[in-house]
Amino acid sequence: MYTNYFSIREESKTKFRLQPHVLDILPKNKDARILDIGCGLCKHLSQFKLMGYNNLKGIDISDEAEAACKSHGIEFEKIQSIIEYCSNSKLKYDFIVMAHVLEHLEKEIVIDTLSSIRSLIIEGGAMYIVVPNAQSNTNCYWAYEDFTHHTLYTSGSLYYVLK
């Protein structure tokens, strides 16, 4: 698998802002455990840290993600497999972020991956998933613009795999 993803994606270099709806679902407790699966350049976690959250961890397959997290003083673990990470983790999380990761997974492992992630969420915890919207006017663009995409999701297909 190609892991130098960020070096070729121009939008990964732009200034990042949290979407306002994320603030509504973030735990109020600043000590809440937060995990970012596929944390990339640490954009979500670095924003959470600026907001005062201090129990943050990122996991990813790339060296660039590791460097980004370390530059922000955020705990990081390089992984080979989300499912393997979940089955070996002894920690549970209050909030899990998975932004622009699901569309990179092969269909055959999506449901098993989501099921294993669910085991990491404490009762009453939440998960925030972001994927390109296959129902948008730019759906075809995102299906083919990023060669590493396997599947795009509509609201219905995302609901299906989450259910």
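Predicted model: local features only at pLDDT ≥ 70, side-chain atom pairs only at ≥ 80, totals over all residues.
Trainee: Which non-glycine residues have a positive phi?
Mentor: Cys-42, at about 70°, is one of them, and His-100, at about 55°, is another.

Trainee: Where do Cys-42 and His-100 lie?
Mentor: Cys-42 is in the loop between β1 and α2. His-100 is in the loop between β4 and α5.

Trainee: Is Cys-42 buried or exposed?
Mentor: Buried, with a relative accessible area of 0%. The term buried means under 20% relative accessible area, exposed means over 50%, and partly exposed is in between, using a 1.4 Å probe and protein chains only. His-100 is partly exposed, at 42%.

Trainee: Back to α2. Which of its residues are buried?
Mentor: His-44, Leu-45, Ser-46 and Phe-48. The buried residues of α2 pack against α1 (20–25), β1, β2, α3, β4 (93–99) and β5, where contact means heavy atoms within 4.5 Å.

Trainee: What unit does α2 make with β1 and β2?
Mentor: With β1 and β2, helix α2 (residues 43–50) makes a right-handed β-α-β unit. After that, the chain goes from β2 through helix α3 (residues 63–71) to β3, and this β-α-β crossover is right-handed as well. Right-handed means that, with the strands pointing away from the viewer, the path from the first strand over the helix to the second runs clockwise.

Trainee: How many bridges join β1 to β2?
Mentor: Four, between β1 (residues 34–37) and β2, and the strands run parallel. Two strands count as paired if DSSP finds at least two bridges between them. Ile-34 has Leu-56 as its bridge partner in β2, and Asp-36 is opposite Gly-58.

Trainee: What about β2 and β3, how many bridges there?
Mentor: Four again, joining β2 to strand β3 (residues 75–78) in parallel. Asp-60 has Lys-78 as its bridge partner in β3.

Trainee: And how many bridges for β1 and β4?
Mentor: Three, in the parallel sense. Asp-36 stands opposite Val-97 in β4.

Trainee: Are the faces of β1 and β2 buried or exposed?
Mentor: Both faces of β1 are covered, with Ile-34 and Asp-36 buried on one side and Leu-35 and Ile-37 buried on the other. For β2 (residues 56–60), five of its five residues are buried. Leu-56, Gly-58 and Asp-60 are on one side, and Lys-57 and Ile-59 are on the other.

Trainee: Changing topic. How many helices and strands in the protein chain?
Mentor: Seven helices and five strands. The order from the N terminus is α-β-α-β-α-β-α-β-α-β-α-α. Of the 163 residues, 41% are buried. Among contacts between residues at least 6 apart in sequence, 62% join residues at least 24 apart.

Trainee: Which residues does Ile-122 touch?
Mentor: Lys-92, Tyr-93 and Asp-94, leaving out residues up to four places away in sequence. Ile-122 sits in strand β5. Asp-94 is 28 residues from Ile-122 in sequence, but the C-alpha atoms are 5.7 Å apart. Ile-122 is partly exposed, with a relative accessible area of 30%.

Trainee: Last one. What is the volume of the second largest pocket?
Mentor: About 290 Å³. On a 1 Å grid over the protein atoms alone, a pocket is an open set of points where a 1.4 Å probe fits, with protein on both sides within 12 Å along at least five of seven lines, and lining residues have an atom within 4 Å of a point. Grid points are joined across faces, edges and corners, and the volume is the space filled by probe spheres set on the points.

Trainee: Which element supplies the largest share of its lining?
Mentor: α5, with five residues. α5 (107–118), β5 (121–130) and α7 (155–162) each give at least two. The lining includes Ile-111, Arg-118, Met-127 and Tyr-160.

How values were computed. Residues numbered from 1 in each chain as written. Heavy atoms only, no water.
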